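Please look at the structure first.

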Amino acid sequence: MKKMMIGLSLVLSVTVWGQKNPVKTNNLTPYSYQTFNCDNKGYFDATKYEKEEIDGVNKLLYKFNGVHFDTNPIFKLSSLEDVRKNKDIHLENLEKQYQEKKKELYSLKVINLPVWNRLYEETIQTFENEYELNKEEIMAFSDPSSLKNSKFYATCKESIDAISSPDREKMFASWKMFTELKSKNNADPQGVMTRFNAKMDDPQREDYALIDMIGLSFHNCANSSFRQRRDDEGTVYKNFDKIFTKLKRNCDEP
C-alpha cells in the first residue's frame, strides 16, 4: 500500500509539473500599434522586451519621426507682419511646445540595442536643432543681424552673410541667385522669375527678400544639415516589425 501511494504521488507530481510548464514558457504578450495607414497586432516575447521599451521605440518611429514643432511658415507679407508684431508671443509658444515635447522625449525608455540607441540619439539631436532653427527664424524676421550668432553659421555662411548684411543690394543679389537656381527645378522657370521680378519692383521688396532668404534659403540649408534621412528601404521600420510574432496588418486602401 505504501509503495502504491508513493507511485501515485510521483504520477501526480509529473502531471502537475506538465501542466505548469507551458505557462512558464508562454511569454508572448499582445501588442497593437498604428503605422502610417495600418493597424498592426502581434505578440512580443516578454522575456526579451519590456512594453515600455517597445512603446519608446514606437514613439521614435511614428511620433518623433518628422517635424516636431507647430509653427506657421512665413510666405506672405501679412504673416511676416504678424511674426514681427507678436514676436514674443511666437517665441513663448515655441518655448512651451519645446518644454512639453522635451519632457516626453527625454523620458522615453527604448530597447537597449545599438540600432534603437542610435535612433534615440539622432532623434534628440534633430529635436534640439529644429527648436533652435525655429527660434532663430522668428528672431531674424525682426532682426536679420541676429543670424550672425546662428548655430548654423558655419554651414550656412553664404545665406546668413547676405541676410544680415547692412548692404541690402548684397541681399538682393543673393536673393536673385537663389531664385534663379530654384527656378531651374520648377516646371515653370519663367513664371518663377516673372514673380520674382514683380516682387523686386515692389516697394516692399526687402520684406519679400527676407521671406525667401530666411524662410527658404537659410531654412533649407540649416534643416538639411541636421535632418536625419531614413533609409529608402525602411530598415528601422522593418526591424521594429520583426520584434513581433504572428503580426497581422489591417490597412486602409491608398
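Helix H5 (residues 114–142) packs against helix H9 (residues 205–226) at about 165 degrees, with the axes 11 Å apart. The two are therefore roughly antiparallel (angles over 145 degrees). H5 passes H9 in a right-handed crossing (the near helix is turned clockwise from the far one by less than a right angle). Contact means heavy atoms within 4.5 Å. On the H5 side the contact residues include Thr-126, Asn-129, Leu-133 and Phe-141. On the H9 side, Leu-210, Ile-214, Phe-218 and Phe-226 are among them. By class, this contact has 9 nonpolar, 5 polar and 3 charged residues.

The model is predicted: local features need pLDDT of at least 70, side-chain atom pairs count only at pLDDT 80 or more, and totals for chains, interfaces and linings use all residues. Residues are numbered from 1 along each chain as its sequence is written, and side-chain values use heavy atoms, with hydrogens and water left out.

Now the serines. Ser-174 lies in helix H7 (residues 168–183). Ser-217 sits in H9. Buried means under 20% relative accessible area, with a 1.4 Å probe and protein chains only.

| Residue | Relative accessibility | Class |
|---|---|---|
| Ser-174 | 15% | buried |
| Ser-217 | 10% | buried |

Ser-217 is in contact with Ser-159, Phe-178 and Asp-212. Ser-174 and Ile-163 are 11 residues apart in sequence; in space they are 8.6 Å apart, C-alpha to C-alpha.

Notes: Axes are lines fitted to C-alpha atoms, for helices over the stretch in contact, and angles run from 0 to 180 degrees between N-to-C directions. Helices (H or I, at least four residues) and strands (E, at least two) are DSSP runs, numbered from the N terminus. Angles under 35 degrees count as roughly parallel, over 145 as roughly antiparallel, 65 to 115 as roughly perpendicular and the rest as oblique. Ala, Val, Leu, Ile, Met, Phe, Trp, Tyr, Cys and Pro count as nonpolar, Asp, Glu, Lys and Arg as charged, and the others, Gly among them, as polar. Buried means under 20% relative accessible area, exposed over 50%, partly exposed in between (1.4 Å probe, protein chains only). Lists of a residue's contacts leave out its neighbours within four places in sequence.
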